[in-house]
Amino acid sequence: MPRWSVYILRCSDNSLYTGIAIDVAARVASHNMGKGAKYTRAHLPVKLVWSEAAKSPRAARMREAEIKKWPKIKKETLVAVKLKRSKI
């Protein structure tokens, strides 16, 4: 069974884009080739700054929707916590 993930990209204008994918690395590459979402095509290049595994496609979509409703500062906090943990 495929493993779904939720991810956040940092766009060239410092904005954040949230999406879901089975293969996050391939999806990021697709975004950077201009084959991703309309939003990211207009804000290239993008960089993966956060991802989280989900138990199912439905769980991934629900988490994506939840994060998309957050203000940018809350998304930035989520990204910062991940960065801090990865440096420990």
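Predicted model: local features only at pLDDT ≥ 70, side-chain atom pairs only at ≥ 80, totals over all residues.

Let me begin with the aromatics. How many aromatic pairs does a search of the whole structure find? The search turns up one. The partners are Y17 and Y39, and their rings are stacked, with 6.4 Å centre to centre and 10° between the planes. Those two values are quoted because a pair of aromatic rings is described by the distance of the centres and the angle of the planes.

Where do the two tyrosines sit in the chain? Y17 belongs to strand β2 and Y39 to helix α2, residues 38–41, so the pair links distant parts of the chain, 22 residues apart. Strand β2 itself covers residues 16–21.

Is each tyrosine buried or exposed? Y17 has 14% relative accessibility, and it counts as buried because the cut-off for that is under 20%. Y39, at 34%, counts as partly exposed.

Setting aside neighbours within four places in sequence, Y17 is in contact with Y7, I8, L9, C11, H31, A37, Y39 and T40. For a sense of scale, K55 is 38 residues from Y17 in sequence, and the two C-alpha atoms are 21 Å apart in space.

In soluble globular proteins, nonpolar side chains tend to be buried together. Here the largest nonpolar core has 12 residues in all: V6, I8, L16, I20, V49, W50, A54, A60, I67, W70, L78 and V79. Which elements supply at least two residues each? They are β1 (4–10), β2, β3 (47–54), α3 (57–69) and α4 (72–87). Strand β3 gives the most, with three residues.

Take L16 as one member of that core. Beyond its neighbours within four places in sequence, L16 is in contact with I8, L9, R10, V49, K72, K75 and E76.

Last, the glutamate. E64 is located in helix α3. Is E64 buried or exposed? With 14% relative accessibility, E64 counts as buried. Not counting residues up to four places away in sequence, E64 touches V6, T18, G19 and I20. Of these, V6 and I20 are listed in the largest core.

That's what I have; I'll take questions now.

Terms used. Residues numbered from 1 in each chain as written. Heavy atoms only, no water. Helix = DSSP H or I, 4+ residues; strand = E, 2+ residues; numbered from the N terminus. Buried < 20%, exposed > 50% of the residue type's maximum accessible area, 1.4 Å probe, protein only. Contact = heavy atoms within 4.5 Å. Phe/Tyr/Trp six-rings, centres within 6.5 Å; stacked < 30°, edge-to-face > 60°. Core = buried A, V, L, I, M, F, W, Y, C linked by side-chain atoms within 4.5 Å.
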